[in-house]
Amino acid sequence: MITLENITKHFHKGSVNEVLALDSINLNIAEGDFVTVIGSNGAGKSTLLNCIAGGFFPDTGTLTIAKNNVTGWPEHKRASLIARVFQDPLLGTCPDATLEQNMALASLRGKRRGFARGVKAKDRIRFRAELKKLSLGLDERLLDKVGLLSGGQRQALTMLMATMIKPEVLLLDEHIAALDPKTASQILHLTQEIVVSQKLTTLMITHNMKHAISFGNRLIMLHQGRVLFDVQGDAKKNLTVKDLLEQFYKAQGEELAMDSMLLS
Amino acid sequence: MTLYAALGAVEQGLVYGIMVIGVYLTFRILDFPDLTVDGSLPLGAAISAVAITSGIDPYLSLLLAACGGFAAGMVTAFLNTKFKILHLLASILTMIALYSINIRIMSGPNVALLGVDTVFDSVINLGVPAHYAGLVVFGGLAACVLIFIIWFLSTEIGQAILATGDNPQMIRSLGVNTDVIIIMGVGLSNALVALSGALVAQNQGAADVGMGIGTIVAGLASVIIGETVFGCTTMARAFIAALLGSIVYRLAIALALGLELGGFRFNPSDLNLITALLVITALITPNLKKRFIKR
């Protein structure tokens, strides 16, 4: 479904601030995979997702999604294949537009927009039914501006909007990190429900190792722009937080060893 | 203020109101402060005046003017989106370039429209008294523009324009090329400004290269007055408020110019000062209100 071949990305290339954000990444994600992505700050998790979504073009490498070579496709063109939910609940919706306008925008993801009415009467019925499934009482607020909703409500709406048209790939960039624990767990379960029922190919970044283990069928750990650890199926099911931490410290240990070599 | 002066102010408010609708589209909807308008208003005037003097139908000349304005706006937006020039700077560059282009179009700093038919003559021929012709034409066209823009922004493309100003990251990830939307939006805005300029030229009987100076300030003043006085809770209301704001602005200017305090009178050259004071008043009123309500 998604293939990354030898993807490398430098930021601020040629300046003193040059960072190697993605270091020749090779990754093959099968259709229907629910991949959790972990790694410390600066490991390249968000960069990886952003690279798939088309926020920037890689320096080298090839990216294929659903048999399309999308390496040179701009972000808006990839939108026909990809749906995204951001960490910041404010990024996924338009605050000045109403709920129904936001949903209408999302229901045209990757499609041609013309001179038909933005929100059609038949859409309203469908939107209301979809919102009812969230049981947050949003189905009565189709005409409210989204800016009036709480962060959790907005993120739930964004999840719904992301999957109104079934995407080939769903990218979740720490989409529950900015929410309080109760709301975060609600959104996480909503995510699980949607991903499983629609059999979506999903990449989910998380900082929570327990979530990384208990959700999805595959886990990858990134470190310094490389895939450090990649586990799936039964091996993943038997994974513990302790195993992950060991992997993590092993990587950091190497780093320390290298530092001490340099300094000695 | 005499009734005659008041009617004149309303007329001015309506014709410049078309420009204000354009300014609202860039300034508030697209979040793109656009100074191109100081150049595209006289551009519209120049195109229309030259077209009419070369025998083209005055209504058709309005369309040509709007197309010229659209092109000017596209240049600004193109510089901003494709070459990443700051929007303010990009629009100033286009504005400066238009000064020379306008003089080229008119082969001089101005073109008089004497003894030729304008859009007003066709209305007068229908039996409308001459001193109401301006009101009828401007009112009719402003209403058409208002209806068009409200319809357009409620279409699928229009909704994408609103979203581009509101949350560009979101609408890009929904498959909209925000560069194209900005180019289209700024183009449309300047088309309206040029249309307004063309009507002003036909009304005052001449196009002049200097007639655009201060357009953006008058536009912003009208937008802010409209928002403060009439509110902007919905998109349709905001655009109606912008048009009404333009009328209030012109009435306030007329009132100020007619003011006589002892031996003191305002000169037309005091207009910029009055505009600045008006905008400041409109901007600080909400703040002052809050403060007084608290106490």
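Q: How many residues does helix H9 of chain B have, and how far does it reach from its first C-alpha to its last?
A: Start with the term: a helix is a DSSP run of H or I with at least four residues, a strand is a run of E with at least two, and both are numbered from the N terminus. The expected span of a helix is 1.5 Å times one less than its number of residues. H9(B) covers residues 178-204, 27 residues in all. It reaches 39 Å, close to the 39 Å expected at 1.5 Å a residue.

Q: What should I know about the model and its numbering?
A: This is a predicted model: local features need pLDDT of at least 70, side-chain atom pairs count only at pLDDT 80 or more, and totals for chains, interfaces and linings use all residues. Residues are numbered from 1 along each chain as its sequence is written, while chains are lettered from A and ligands numbered from 1 in the order in which they are written.

Q: What pLDDT does chain B average?
A: pLDDT is the predictor's confidence in each residue, from 0 to 100. Where it is low, the predicted coordinates should not be read in detail. Chain B averages 93, and 99% of its residues score at least 70. The model scores ipTM 0.87 and pTM 0.90.

Q: Why is H9(B) described as largely enclosed?
A: Count neighbours: a residue is buried if 20 or more other C-beta atoms lie within 10 Å of its own, exposed if 12 or fewer, and partly exposed in between, with C-beta atoms placed from the backbone. In H9(B), 22 of the 27 residues are buried, so the helix is largely enclosed by the rest of the structure. Just after H9(B), B:Gly205 takes a positive phi of about 80 degrees.

Q: Which residues have the most contacts inside the largest nonpolar core?
A: Nonpolar side chains tend to be buried together in soluble globular proteins. A nonpolar core is a set of buried Ala, Val, Leu, Ile, Met, Phe, Trp, Tyr and Cys residues joined through C-beta atoms within 7 Å. The largest one here has 157 residues, and B:Ile21, B:Tyr24 and B:Leu195 have the most contacts inside it. Contact means C-beta atoms, placed from the backbone, within 7 Å. Leaving out residues up to four places away in sequence, B:Ile21 touches several residues, including B:Val145, B:Leu192 and B:Phe239.

Q: Is B:Ile161 buried or exposed?
A: B:Ile161 is buried, with 24 other C-beta atoms within 10 Å. It is found in helix H7 of chain B. B:Ile161 and B:Ile29 are 132 residues apart in sequence, yet 7.7 Å apart in space, C-alpha to C-alpha.

Q: How many residues of chain B are in contact with chain A?
A: 20 residues of chain B are in contact with 26 residues of chain A. On the chain B side, helices H7 (156-166) and H8 (168-173) each supply at least two residues. H7(B) gives the most, with 8 residues. By class, this side has 8 nonpolar (Ala, Val, Leu, Ile, Met, Phe, Trp, Tyr, Cys, Pro), 3 charged (Asp, Glu, Lys, Arg) and 9 polar residues (the others, Gly among them).

Q: What order do the strands have in the open sheet of chain A?
A: Two strands pair if DSSP finds at least two bridges between them. The order of the 4 strands is E2-E1-E4-E5, with antiparallel pairing. Strands E2 (19-29) and E5 (68-69) stand at the edges, each with a single partner strand, so one side of each is left without a neighbour in the sheet. Strand E4 (residues 60-65) and E5(A) pair over 2 bridges. A:Ile65 has A:Asn68 in E5(A) as its bridge partner.

Q: How many bridges join strands E9 and E10 of chain A?
A: E9 (residues 218-223) and E10 (residues 226-232) pair in the antiparallel sense over 6 bridges. A:Ile220 has its bridge partner in E10(A), A:Asp230. The hairpin has 2 residues between the strands, and A:Gln224 takes a positive phi near 50 degrees.

Q: Where is A:Lys199?
A: A:Lys199 lies in the loop between helix H6 (181-198) and strand E8 (201-205) of chain A. Its phi is near 50 degrees, a positive value in a residue other than glycine. A:Lys199 is exposed, with 11 other C-beta atoms within 10 Å.

Conventions: Contact = placed C-beta atoms within 7 Å.
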